[in-house]
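Q: I have a structure open here and would like to talk through how one of its chains is put together. Can we go over it piece by piece?

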Amino acid sequence: MRIMTLTLAMALLGAAMFTIGEAAVKPGDAVLLPVPTDATICFRIWFKVGSQNDPSGKEGLANITAAMLTEASTKKNKYEQILDKLYPLAASYDAVTSVEMTVVYGRVHRDNLKEYYPLFVDAITAPAFEQADLDRIKSEVLNFLENTLRYSSDEELGKAVLYDDIFAGTPYGHITAGTIGSVKSITLDDVKEFYKKNFTRDNLVIGLGGGYQASLLTTLRKDLAGLPPGAPQPIPPPQPAHIEGFRVTIVEKDAPAAAISMGVPIDILRGSKDWYALAIANSWLGEHRNSSSHLYQVIRETRGLNYGDYSYIENYPRGGMLSKPPQNVCRRKQIFEIWIRPVPLETAHFAMRAALREYRRLVENGMTKAEFNLTKNFLKKYVLHYAPTTMERLGYALDDRFYGISGSHLAKFRSMMNTLTLADVNRAIKKHWHYGNMQIAVITKDAKALRDALVADSPSPIAYKTPKPASVLEEDKQIEAFPVKATPENVKIVEVKELFN
Amino acid sequence: MKQRWLYLAAALTMLGSGGVAKGIFPYKVDTRTLPNGLKVIMIPMSSPGLVAYYSVVRTGSRDEVEAGKSGFAHFFEHMMFRGTKKYPGSVYDSIVTSIGASANAFTSDDITAYHLNFAVEDLEKVIDIESDRFQNLDYSKEEFQTEAGAIYGEYRKNVTSPFAVLDEKMRDLAFDAHTYKHTTIGFERDIKAMPEGFEYSHSFFHRFYRPENVVLLIVGDIKPDAVMKLVAKYYGGWKKGYEAPNVVPEPPQMGERSADVSYQGKTLPIIDIAYKGDAFNPSNRTYVAAVMLGDLAFGSTSDLYKKLYIQEQRVDILDASIPMNRDMPLFEILARVKKEEDVPAVRDEVYNAIATFQSTAVDAKRLGDAKKRRKYAFLMNLDTPNKVAGGLAYTVAITGGMEAVNALYAEIDKLTPDDIMAAAKQYFSPERRSVVVLKGAGQ
């Protein structure tokens with residue numbers, strides 16, 4: 001048993017084998033995660049640029065520029081030739097752009113490194129920037145905004161609306177894909193200029209992991225030094241407007257069910273003691289895609305209203321697709337978020353109340369000793385599943401650099417579960433969560449009826465098609481009358497076709 | 001759907017690469033069977049104290065042979081989390097939580113799989129709770145009916161995707177008799193009626209959740225002898241009693257079928273061209289060739305992909321799915337078309353590409369590249385116990401063991417350009433074809 005624990009700890013500590021550096025990037029800066037037994041080599045090249053750097057009127061430019069590196073021709077190879085060359089290697093590269101980061105990443109078996117490496121480096125250092133590639137990429141982004149996001153997943157739509165509302169007027173105030181109008185306006189010259197200014201040798205951190213030879217880092221540093229110099233002006237963290245009371249945006253559409261997302265900014269980031277304390281409370285309230293989530297138990301397991309109900313203290317894009325947190329989507333400003341998966345239309349008001357009621361109870365009462373013990377023991381082992389692969393651990397190592405964490409966040413997460421007390425957690429809850437102010441996004445039919453009900457704070461009784469225990473029906477009476485009153489000026493109705501224009 | 005496509009491709013890759021040569025699979029496989037028929041496949045591998053534990057039930061939506069019961073295998077997957085007398089649902093949940101396990105389940109045409117990833121020190125606890133629910137599941141009528149609400153919620157979540165609407169329509173159109181006619185989540189009318197199926201759910205459990213129909217796949221930091229002692233202790237008393245369902249074979253399709261389907265939101269039009277394929281059989285050379293043909297004719301290095309996606313930019317998705325199934329599935333080609341008026345032309349381009357493969361032998365180097373790709377995709381996806389177990393689960397469900405891994409890859413290795421041509425001729429003919437075009441209602 002002791003040996004096992006030690007082995008686990010060592011696996012996590014592997015992520016700590018990099019230099020803790022200053023906030024500013026030095027040329028050739030690298031985060032290294034050597035794993036000699038790994039037959040593959042992992043690259044993550046992090047550029048300190050994201051959608052917050054999009055020029056006004058050109059929202060979506062960071063995302064499109066990154067795609068023009070990884071999904072387009074280079075000066076040496078047409079895109080078709082790149083696909084041909086990558087094909088037998090079973091390897092690829094891609095980019096992920098979020099508000100503050102763009103990471104070009106790829107993974108290859110060491111047998112194929114020789115063929116892969118020049119393609120990977122060319123994508124970053126020698127993009128061709130051809131009009132045909134831009135047309136193709138823009139058309140895909142536009143289809144995403146005009147059709148996919150508006151119509152094909154109401155839960156993703158609800159989250160996008162929530163973040164846009166909370167961060168309106170700040171550099172975080174638009175989704176990474178941009179808007180329909182801004183994407184249409186993006187030209188090849190915009191892309192070239194953005195690349196030259198932001199994808200520079202002074203604005204990157206090399207992430208390298210797996211079974212690589214030391215000489216690879218030397219070569220990579222030399223090749224990336226060929227990028228243009230300079231770095232963009234730092235952007236201060238966003239200051240979202242204070243939310244007073246319940247502010248609601250109802251998106252009216254012909255929806256088969258109601259999707260609900262709620263959130264409010266918080267002033268805490270990964271790495272501090274309070275963050276880990278709050279992580280325990282949040283895990284108990286709403287661990288992502290896990291039946292241990294209390295919200296899941298109340299809304300899904302007991303009442304069968306939907307497929308799941310979760311909460312977050314860090315942004316969690318693609319939550320419907322992922323079971324563990326993504327890497328390289330760091331932010332200097334986070335929100336506390338509740339995600340209620342689609343519920344029957346007539347139960348939207350009730351489900352919203354049920355979730356807010358549980359949140360309020362936690363804020364006011366704190367956790368019990370039993371809940372605290374169960375959850376900290378759960379997390380201590382559960383975080384082992386966050387990064388089982390070298391690629392994921394390398395992602396976390398870069399994130400550690402972003403947040404300025406000494407050592408490894410995941411190792412710290414585990415050790416904190418041994419040292420935090422119930423009092424620490426309940427103190428963190430009181431300090432960082434305040435019930436009563438909340439931005440809410442609802443995707444539903446008949447928006448006017450919901451608005452009227454919210455403004456009147458009228459009861460929302462629920463009728464089940466199947467029998468329920470008396471204890472549940474008794475609690476329902478409290479939920480249906482739980483006060484969630486919004487003022488008329490704080491409830492906005494928008495039609496789906498008005499979004500992301 | 002795109003995700004599904006990718007997943008199937010990954011599963012096939014995993015399956016296809018296992019036996020490229022003796023020794024390519026880097027882990028020793030230890031397979032043993034209890035007297036009651038429960039097969040246990042153990043794969044020790046170096047991992048930092050982690051174990052992946054898959055209970056693979058060889059039953060999926062294929063086995064829903066009774067009218068009005070579509071979606072029941074998936075529903076039953078949910079019910080398995082409702083507990084037993086010894087460990088009621090809330091107790092089961094709290095045990096899983098207390099050991100920090102990552103636990104979930106999934107259902108598809110031919111499989112229902114329950115999987116947990118956890119620290120090896122908790123292995124006995126996991127074997128205890130898993131063996132208990134497979135033998136002693138016990139839930140109330142109220143719990144059963146409440147869970148039906150969660151299923152409907154899952155359906156409502158999915159139905160906003162045009163790909164879900166398309167899949168539902170295509171299956172209904174292409175199949176007459178076989179249960180592949182419905183999706184795994186089931187017809188909406190059957191989901192609505194699920195709360196009435198309490199008695200039926202007991203029969204489902206007693207017929208299918210039996211040791212002869214379940215395979216345990218245990219991968220990671222394990223010692224097989226010690227694992228088997230625990231398995232025998234906890235599963236040894238499980239009684240036999242599997243009753244194979246009477247799945248009606250699909251009669252041969254006699255002619256082309258087509259349909260349109262409307263999606264209530266906005267979307268670019270999507271065309272799905274499906275051919276009646278063949279059941280998974282690694283020694284059927286033509287089937288194996290079809291697996292490769294899907295990639296060669298429609299994958300990212302195909303002439304058609306380059307033409308339609310990169311050069312002419314008339315589609316933003318082009319993909320093929322040649323799945324592995326226990327019975328005859330659909331071999332599908334799917335394209336999302338940027339302009340509605342281009343749909344017939346894109347359809348004809350797909351037909352032309354097939355005609356080319358029917359009349360012209362594929363370039364030998366391309367075929368070699370495709371084989372190499374499979375080999376490396378396989379090797380690169382064996383880095384965690386969960387990936388190994390998850391990748392093998394389908395093979396185990398369809399064939400009952402892992403032997404097919406070697407057989408399939410040996411066959412892939414032998415493929416010649418003539419085999420690819422033979423597969424194009426055998427499967428991709430108009431009389432086996434069904435075509436569905438999906439359009440958004442707002443267009």
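**Sheets, helices and the chain contact**

A: Let us begin with helix α14 (residues 385-399) of chain B, which lies across β2 (39-44), β3 (50-57), β5 and β6 (214-220) of chain B and runs at about 15° to β3(B). Please keep in mind that this is a predicted model.

Q: ok, and what is the strand order in the open sheet of six strands in chain B?

A: The order is β1-β2-β6-β3-β5-β4 (chain B), and the pairing in this open sheet is mixed. Its edge strands are β1 (30-33) and β4 of chain B, each of which pairs on one side only, and from one strand to the next the twist averages 15°.

Q: how do β4(B) and β5(B) pair?

A: They pair in the antiparallel sense, over six bridges, and within that pairing B:Thr107 stands opposite B:Thr112 in β5(B).

Q: now the other one, what's the order in the sheet of five strands?

A: That open sheet of chain B has the order β7-β11-β8-β10-β9, again with mixed pairing. The edge strands here are β7 (257-263) and β9 (315-321) of chain B, each pairing on one side only, while neighbouring strands are turned by 15° against each other on average, if direction is ignored.

Q: which helix packs on it?

A: Helix α10 (residues 285-298) of chain B packs on this sheet, where it touches β9 and β10 of chain B, and its direction makes about 165° with that of β9(B).

Q: and how many bridges join β8 to β10 in chain B?

A: Seven bridges join strand β8 (residues 270-276) to strand β10 (residues 330-337) of chain B, and the two strands run antiparallel; as one example of facing residues, B:Ala274 stands opposite B:Glu332 in β10(B). On the side of β9(B), the pairing with β10(B) is also antiparallel and extends over six bridges, with B:Arg336 in β10(B) as the bridge partner of B:Ile317.

Q: β9(B) then, enclosed or open to the outside?

A: It is largely enclosed by the rest of the structure, because five of the seven residues of β9(B) are buried.

Q: switching topic, how long is α6 in chain B?

A: Helix α6 (residues 162-174) of chain B has 13 residues and reaches 18 Å from its first C-alpha to its last, which is close to the 18 Å expected at 1.5 Å a residue.

Q: is that helix mostly covered or mostly exposed, and what does it pack against?

A: α6(B) is mostly covered, since 10 of its 13 residues are buried, and the buried ones include B:Phe163, B:Leu166 and B:Met170 as well as the charged-type names B:Asp167, B:Glu168, B:Lys169 and B:Arg171. These buried residues pack against α5 (131-152) of chain A, together with α5 (141-159), β7, β8, β10 and β11 (433-440) of chain B.

Q: what does B:Val343 touch?

A: Not counting residues up to four places away in sequence, B:Val343 touches B:Pro269, B:Ile271, B:Val337 and B:Val437. By contrast, its C-alpha atom is separated by 44 Å from that of B:Tyr200, which is 143 residues apart from it along the chain.

Q: last thing, what about chain B as a whole?

A: Chain B has 16 helices and 11 strands, and its C-alpha trace spans about 60 × 50 × 35 Å along the principal axes. Its radius of gyration is 22 Å, which agrees with the value near 22 Å that a compact globule of 443 residues would have. Of those 443 residues, 55% count as buried, and residues 24 or more positions apart account for 83% of the contacts with a separation of 6 or more.

Notes: Residues numbered from 1 in each chain as written. Chains lettered and ligands numbered in written order. Predicted model: local features only at pLDDT ≥ 70, side-chain atom pairs only at ≥ 80, totals over all residues. Pairing = 2+ DSSP bridges. Helix = DSSP H or I, 4+ residues; strand = E, 2+ residues; numbered from the N terminus. Axes fitted to C-alpha atoms, helices over the stretch in contact; angles between N-to-C directions. Contact = placed C-beta atoms within 7 Å. Expected span 1.5 Å × (residues − 1). Buried ≥ 20, exposed ≤ 12 C-beta atoms within 10 Å, placed from the backbone. Rg over C-alpha atoms; globule rule 2.2 N^0.38 Å.
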